[in-house]
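Student: I'd like to learn how to read a structure like this one. Can you walk me through it?

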Amino acid sequence: MYTCGPTTYDFAHIGNLRTFIFEDILQRVLEVNGYQVKRVMNITDIDDKIIKGAREKGEGISEFSAPFEKAFFEDLEKLNIKSANFYPKATEHIGQMIKYIEELIKRGLAYQEKDGSVYFDISKFETYGKLSQLNKQQLKHGTRILSDEYSKDDVQDFALWKAVEEDEVGYDSPWGKGRPGWHIECSVMSQQYLGDTFDIHAGGVDLLFPHHENEIAQSEGKTGKKFVNSFVEGEHLLVDGQKMAKSAGNFYKLKDLEDRGFDPLSFRYLVLTSHYRDKLNFTWKSLEAAQNALNNLRDEIRAWEQPKGDVGQFWQEFLEAANNDLNIPQAVGVFWQMVNSDNTISSKATTILEMDKILGLGLEEYLGKPLAIPTNVMKLISQREEMRKSGDFAKSDQLREKIKKLGFEIEDTNSGPKIKKQH
């Protein structure tokens, strides 16, 4: 399984992270079904945006990329996303890319321009456009595009190698100094680690064209074999119904969510409530609802005993939903039916841990682990109860605030105060 990773010119935004969570769920579902998954996730550490950003800061591209790469791995950990087996970097595979391009030229699928740039000739690959279902009339034979990212309005020969000036970031090649195009990176790195043909290529729907389309053309053109058995594309994330953009002021990173007091796993929970093929509309209200649901779940299972029984009847329903084109929203519905069912606690405990192998919410950390309340907080809780009984509600409210500042919340019930940790 190959999953397109980050381009390290900026911090990953929550739209990127939605895709990474969907890919993680896909891997988890496969593993629960008994498959061994070998996953590769590339890191694009050279492209136009990285070079521009490094130049503006007066840094080398690796120095410029380093903090974004570090933050990317920290985000994966916070979101409980499983590590890939390999994280190859584009800059570490330049030699392999040059050899790959040489082979494409040899096969008559690519040509060199006077400036030293090399382009893939889409007219020589008969089935070009099969993934994105391009109309053949859209193909503009003999025209070239140097940019890595473009729309279906620009179906042209694409750059495999971009010539650069002597003072620009680049590498020596048979065609002069230059650097690879974006598309060639993924063909080279996926096939180096997974072979000429592999099972699954996943990514965001925005990569379907031109990126995945171009990967197919150059990969199958070189090997004469099928490149990928299944492409799986995740839909976009919207913010308040709008496309996310820095200019619109609705561009959020995981740190922005944390700065507002949200647990990163509440974002993961929110992602689980939408099918990967559907757009997910992010709002602060929906994130708050996700955090409340997750916190209530954690508080509920703290009182559960350790798992002893077998998985209940809900497990099969849950797995069937997950196996039906990753229908995780339906699986989450089954999950809550199980939590609220009359099944024995020990059976529910067993089942919830099985389900969490797919959901990835880190529930083992809370299951059957009562809340540890410090002595000073217990003392304040006791004093507050006395104030409530004596009718001194003003003093009682002051003590509640003190307790809150120490990280605990009190819910008054008929059977006495219920203590929760502030998450």
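**Reading the chain, step by step**

Tutor: Let's start with burial. Buried residues make up 52% of the 423 residues in the protein chain. Keep in mind that this is a predicted model.

Student: Which secondary structure elements does the chain have, and how many?

Tutor: The protein chain has 14 helices and 14 strands. Its C-alpha trace spans about 90 × 50 × 35 Å along the principal axes.

Student: How do contacts relate to distance in sequence?

Tutor: Take contacts between residues at least 6 apart in sequence: 72% of them join residues at least 24 apart.

Student: Now a single residue. Is histidine 212 buried or exposed?

Tutor: Buried means under 20% relative accessible area. Histidine 212 has 0% relative accessibility, so it counts as buried. You'll find histidine 212 in helix H6, residues 208-223.

Student: What does histidine 212 touch, leaving out residues up to four places away in sequence?

Tutor: Histidine 212 touches Cys4, Leu131, His201, Gly203, Leu207, Phe231 and Glu233.

Student: Which helix gives the most to the lining of the largest cavity?

Tutor: That's H1, with 4 residues. Helix H1 (14-32) and helix H8 (264-272) each supply at least two lining residues. The lining includes Arg18, Phe22, Leu272 and Tyr276.

Student: What about charge?

Tutor: Count the side chains: 55 are positive and 67 negative, and the centres of the two sets lie 3 Å apart.

Technical notes: Residues numbered from 1 in each chain as written. Predicted model: local features only at pLDDT ≥ 70, side-chain atom pairs only at ≥ 80, totals over all residues. Heavy atoms only, no water. Buried < 20%, exposed > 50% of the residue type's maximum accessible area, 1.4 Å probe, protein only. Contact = heavy atoms within 4.5 Å. Lys, Arg positive; Asp, Glu negative; His and termini not counted. Charge placed at Lys NZ, Arg CZ, Asp CG, Glu CD. 1 Å grid on protein atoms, 1.4 Å probe; cavity = no way out; pocket = protein on both sides within 12 Å on 5 of 7 lines; lining within 4 Å.
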